[in-house]
Amino acid sequence: MILKSLSLINYKNFESQSFTFDSKINCFVGANGIGKTNVLDAIYHLSFGKSYFNPIASQNIKHGEDFFVIDGVFDREERSEKIIVSLKKGQKKVIKRNGKAYDKFSDHIGFIPLVIISPADRDLILEGSETRRKFIDSVISQSDKVYLNNLINYNKVLSQRNALLKFFALNNTFNAQTLEVYNEQLHQYGSAIFKTRDEFLKTFIPIFKSRYEAISNSMETVNLSYKSDLFEHDLLELFAQNLNKDKALQYTSRGIHKDDLNFEIEDYPIKKFGSQGQQKSFLIALKLAQFDFIKQQSGVTPILLLDDIFDKLDEHRVAQIISLVDHEHFGQLFLSDTHADRTESIIKQIHQSYKIFKL
């Protein structure tokens, strides 16, 4: 998968900008706030139909304007593919492939496989379980349409069940039969999601551990484990056990929407016991494992975006990452850095063609 060119109109801080890319390595250098990350986010937008950094679509429009357009031309399996994402204030976002608009955005997910590594990934360690669930879901969804559809349906039924619980509370009423309809649907979708997540992690965890070993030079042991209510009970049992609690809370308190991942270093939570460098290495290993998994599942080499990756890493870890990337296994790479000299000296260690864009 190669991104040949990108053009932006009214996207974030760019009024109008075009780029033509190298098929291997592309570096954006410049001071903080100049828009390096915004270019990477535009590329992410073409893959996922949304921003990695700001989920509120209208806030990605340049101040004072009322629309944005991101236009990318890709080479995918020797075919040219033109993807356009556009948004006009007050209207729905549009994603087009070769001039034809998608009816459902979910149909586009996975078509442009992509992995981003960014300082914002620290949220995976620092924030709540929802952030880690989104990570699992985004990895699996890029290569599994059935999973993505199950997830969309589960979330739709979940919000309907929650609305029903609120209705019961407001009207001081209760109807077990109506609730049962939603319970059955959540059980059907949720069980399938749980099974896929469990199988995915059995494959993913060994890949992640080997990636961390390479980055840290086997200095520490790390672990990743899956936490879910469904290891103990099925969803119908959980709903029955927690009925009174759900009625009091007016939302669904148990289910696969509460699943989590435990991140550990030397058997302790990395959030509390990992240094900044260890946490950053953990996250990079997690994302490189995502890259490996998607490539393995889809047979297409994902695009890799590295946002400000060399910050807070010692020279040894930077060298390890570079040696990993200096390999035919990787395809096209985009990176951003504030230090042009540092970038150039690092890139020269990789024996690949490159382009540097000074913003």
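Student: Which residues lie nearest the centre of the largest pocket?
Tutor: This is a predicted model, where local features need pLDDT of at least 70 and side-chain atom pairs 80 or more, while totals for chains, interfaces and linings use all residues. Numbering starts from 1 along each chain as its sequence is written, and side-chain values use heavy atoms, without hydrogens or water. A pocket is an open set of 1 Å grid points, over the protein atoms alone, where a 1.4 Å probe fits, with protein on both sides within 12 Å along at least five of seven lines; lining residues have an atom within 4 Å of a point. The lining has 37 residues, and nearest the centre are Tyr 44, Lys 50, Lys 134, Phe 135 and Ser 138.

Student: Which helix supplies the largest share of that lining?
Tutor: Helices are DSSP runs of H or I, at least four residues, numbered from the N terminus; strands are E, at least two. Several elements supply at least two lining residues each, including α1 (36-48), β8 (114-117) and α4 (145-171). The largest share, eight residues, comes from α3.

Student: At what angle do α3 and α5 cross?
Tutor: Axes are fitted to C-alpha atoms over the stretch in contact (heavy atoms within 4.5 Å); angles run from 0 to 180 degrees between N-to-C directions. The axes of α3 and α5 (residues 176-216) come within 11 Å. The two helices are therefore roughly perpendicular (65 to 115 degrees). Their crossing angle is roughly 85°.

Student: Which residues of α5 make the contact with α3?
Tutor: On the α3 side are Arg 133, Phe 135, Ile 136, Asp 137, Val 139 and Ile 140. The α5 side consists of Thr 196, Arg 197, Phe 200 and Phe 204.

Methods. Parallel < 35°, antiparallel > 145°, perpendicular 65-115°, else oblique.
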